[in-house]
Amino acid sequence: MTAKMADAFNNILGQPQVRDFLRGSVIADRVTHAYLFAGPAGSNKTQAAFALAQALICPKGASGPRGGMCGACENCTRAKRRTHPDIHYYQPGGANGYLVEQIRDIVADVALAPIQAHRKVYIIDRVDMLNRAAANAFLKTLEEPPDDVVLILLGRTRESVLPTIVSRCQIVPFRHIPPTEAAGIISQNTGASPEQARQAMEACSGSISKAIAFLRAPGNERTFFRGELIKMLSGIDAMDDWQILVAARKIVEDSKAPLDTLRAQQEEELAKNQDFLAKSAIRQIEENNKRRLSAGASEYMKQSLSVISSVLRDVEMMCAGTPELVVNTDAAAAIGALAAIADEASLSCALRAVEDAKKSLDYNVSPETCMDVVLFKVRKVFDAQSRTR
């Protein structure tokens with residue numbers, strides 16, 4: 001077993017049993033055709049799926065008991081950047097779950113040959129949102145995929161996934177990682193303080209791997225963005241309608257900014273391969289790139305909304321007389337000032353509006369519209385004049 005291989009699987013933070021099981025399966029060449037990774041949000045299932053995918057597409061990772069990921073070949077490099085054309089990641093196409101048409105597209109893609117590696121890996125998130133019609137369209141493929149395909153399904157609990165899906169997969173259980181332990185893992189991997197780790201987790205809906213990426217963003221851009229967002233919220237009670245609209249547009253634009261780097265990377269990768277790839281393979285890559293950009297846009301917008309809800313919950317903690325539970329401690333003074341003028345009934349309404357906005361994004365509602373609604377609701381929490389309008 002090489003050090004590179006250990007490093008890649010060690011990215012499965014907080015799940016030592018899962019890490020050892022997956023590593024051992026690759027080394028012993030006992031990889032099955034379909035897995036169900038079952039565990040709560042934030043338990044590092046997605047990171048584990050990509051680590052396994054990297055091992056499976058690396059030529060050394062498939063070479064038998066003495067093999068391991070080299071970590072340096074083109075397959076490994078692209079897998080780590082999540083730009084490999086033979087590693088496919090899917091999320092539900094609608095707020096109510098997977099669409100039958102979406103599953104049929106996956107089934108059709110599974111039948112195609114790999115583009116670059118010797119096998120293909122499909123990571124299908126939130127299979128607990130796979131309804132019976134969509135599941136029925138998937139069952140034959142799940143039971144007997146091509147020999148060069150591995151399917152990795154991710155779900156919150158084994159019980160929440162349809163039995164017909166569960167029975168066709170090898171179950172890999174992921175444990176709940178307590179918040180204090182999760183913050184410690186983030187601090188250890190980033191050098192951030194425990195407070196900064198908790199704040200990043202709040203922005204990333206409890207995901208350890210996303211919180212680490214949040215803190216490691218180039219130029220601290222996500223941390224800076226969080227600070228600017230909290231600064232805006234601290235003065236929202238004095239903003240008029242036009243200023244609210246301008247602020248909403250800025251949040252949306254800033255949320256999309258990290259995608260410029262990803263888009264440039266995708267264009268560079270595609271340009272390098274266009275001369276020797278078939279047109280059908282190029283179309284596959286382009287579709288994968290579009291899906292990744294769309295998922296990234298939604299993720300960054302949801303981070304913005306999570307920061308807003310985190311501030312609102314901190315205001316609730318101040319109002320309840322429990323300041324020790326405040327997460328955004330670097331903004332404690334501003335949060336205290338907001339608590340002094342908060343309308344507690346409107347706080348609950350604003351928090352619901354934030355959650356509704358996250359769901360609306362899944363329905364492809366305009367991000368600008370979602371943010372407009374949220375900011376107007378938040379202003380009402382702190383602006384006595386607006387509550388009488």
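In helix H8, the residues Ala182, Ala183, Ile185, Ile186 and Ser187 are buried, meaning under 20% relative accessible area, with exposed over 50% and partly exposed in between (1.4 Å probe, protein chains only). The model is predicted, so local features need pLDDT of at least 70 and side-chain atom pairs count only at pLDDT 80 or more, while totals for chains, interfaces and linings use all residues. Residues are numbered from 1 along each chain as its sequence is written, and side-chain values use heavy atoms, with hydrogens and water left out.

- Helices (H or I, at least four residues) and strands (E, at least two) are DSSP runs, numbered from the N terminus.
- The cover over the buried residues of H8 includes helix H9 (194-203) and helix H10 (208-216), where contact means heavy atoms within 4.5 Å.

**Strands S2 and S3**

- Strand S2 (residues 87-90) pairs with strand S3 (residues 120-124) in the parallel sense over 4 bridges; pairing requires at least two bridges found by DSSP.
- Ile87 has Val121 in S3 as its bridge partner.

**Cysteines**

- The count of disulfides is 0, a disulfide being a pair of cysteine sulfur atoms within 2.5 Å.
- Cys349 is in no disulfide, and the nearest cysteine sulfur, that of Cys370, lies 15 Å away.
- Cys349 is partly exposed, at a relative accessible area of 26%, whereas Cys169 is buried at 12%.
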